[in-house]
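My notes follow in the order I took them.

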Amino acid sequence: MYNPTVARLTYRALLGRRRALILFALPALLLLIAAAVRMFTGADDQVAADVLGGFALATMVPLIGVIAGTGAIGPEIDDGSIVYLLAKPVKRPTIIFTKLIVAIAVTMAFSAIPTFIAGLILNGNGQQIAIAYTVAALVASIAYSALFLLLGTVSRHAVVFGLVYALVWESLFGSLVPGARTLSVQQWALALAERIGAEGAIASDVGLPAAAILLAAVTAGATWYAGQKLRRLTLAGDE
């Protein structure tokens with residue numbers, strides 16, 4: 001199911017100069033914010049949770065997911081170069097699975113690691129907050145990568161739609177509107193963080209069993225449907 005050649009080409013596309021600058025900019029901003037907050041407020045568990053939840057998990061992780069998920073396949077479909085890959089003797093579900101693995105790896109590397117470091121800067125992992133949000137970022141990276149890979153497969157405006165989802169739904173509605181929180185990857189990941197962190201340190205509006213089921217269902221469903229869409233894509237680029 002995993003093709004090293006497809007993976008190498010995908011890594012090269014995702015870590016090109018333009019995307020790499022954006023991928024590095026977001027974690028750098030998080031670390032800068034964490035350092036500034038620690039300097040002015042000292043080690044505060046609630047402040048650490050607010051920064052990691054409000055910026056790292058609610059904004060940085062989905063944005064990096066947009067870049068990695070849509071960038072893993074969207075540009076190839078847009079410029080027509082996907083036909084060269086489809087002409088190779090590689091099963092199309094294998095292409096999707098390989099690109100998903102690459103997108104997940106990139107999203108995890110550029111979101112979970114900076115989240116952990118920022119947590120250490122903010123409060124030295126007091127109440128397990130740094131570890132809890134790091135695990136949440138890892139789990140969210142999987143679901144976001146699958147969702148945005150699917151979006152890159154079905155739409156030529158995947159980046160725009162992905163940014164709207166990440167900035168409007170996850171960052172705004174997912175944080176402020178109670179009813180929308182149950183349909184937020186952020187809240188599903190927070191359910192796991194809540195279980196890991198000290199009691200009362202982190203809160204999610206979704207129970208852990210429901211969150212685990214929803215994360216698995218969204219990831220599997222998005223990956224399967226992306227494979228089906230690519231399977232129906234002809235070498236001419238038309239469905």
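Predicted model: local features only at pLDDT ≥ 70, side-chain atom pairs only at ≥ 80, totals over all residues.

I started with alanine 112, which counts as buried at 3% relative accessibility (buried is under 20% relative accessible area, exposed over 50%, partly exposed in between, with a 1.4 Å probe and protein chains only). Residues are numbered from 1 along each chain as its sequence is written, and side-chain values use heavy atoms, with hydrogens and water left out.

I placed alanine 112 in helix α6 (helices are DSSP runs of H or I, at least four residues, and strands runs of E, at least two, numbered from the N terminus). Setting aside neighbours within four places in sequence, I found alanine 112 in contact with Thr107, Thr134, Ala137 and Leu138 (contact means heavy atoms within 4.5 Å). I also checked alanine 112 against isoleucine 33: they are 79 residues apart along the chain, and their C-alpha atoms are separated by 16 Å.

Threonine 115 lies in helix α6, residues 92-123. Threonine 115 is buried, at 1% relative accessibility. Not counting residues up to four places away in sequence, threonine 115 touches Leu30, Leu52, Ala56, Met60, Tyr133, Thr134 and Ala137.

I then went to serine 145 in helix α7. Serine 145 has a relative accessible area of 0%, so I put it down as buried. Beyond four places in sequence, serine 145 is in contact with Gly69, Leu100, Ala103, Ile104 and Thr107.

**The loop between α6 and α7**

Which residues here have a positive phi without being glycine? I noted glutamine 127, with phi of about 55°, and glutamine 128, with phi near 60°. Glutamine 127 sits in the loop between α6 and α7, and glutamine 128 is found in that loop too. I have glutamine 127 as partly exposed at 34% and glutamine 128 as partly exposed at 36%.

**α7 against α10**

The axes of α7 (residues 129-154) and α10 (residues 185-196) come within 8 Å and cross at roughly 155° (axes are lines fitted to C-alpha atoms, for helices over the stretch in contact, and angles run from 0 to 180 degrees between N-to-C directions). That makes α7 roughly antiparallel to α10 (under 35 degrees is roughly parallel, over 145 roughly antiparallel, 65 to 115 roughly perpendicular and the rest oblique).

**α2 against α3**

The axes of α2 (residues 17-41) and α3 come within 10 Å and cross at roughly 175°. I therefore call α2 and α3 roughly antiparallel to each other. The residues of this contact divide into 16 nonpolar, 2 polar and 1 charged.

**The core**

Last, I looked at the largest nonpolar core, with 71 residues, of which Leu57, Ile82, Tyr133 and Leu230 touch the most other members (a nonpolar core is a set of buried Ala, Val, Leu, Ile, Met, Phe, Trp, Tyr and Cys residues joined through side-chain atoms within 4.5 Å). Helix α3 (residues 45-71) gives the most to this core, with 14 residues.

Technical notes. Nonpolar A, V, L, I, M, F, W, Y, C, P; charged D, E, K, R; others polar.
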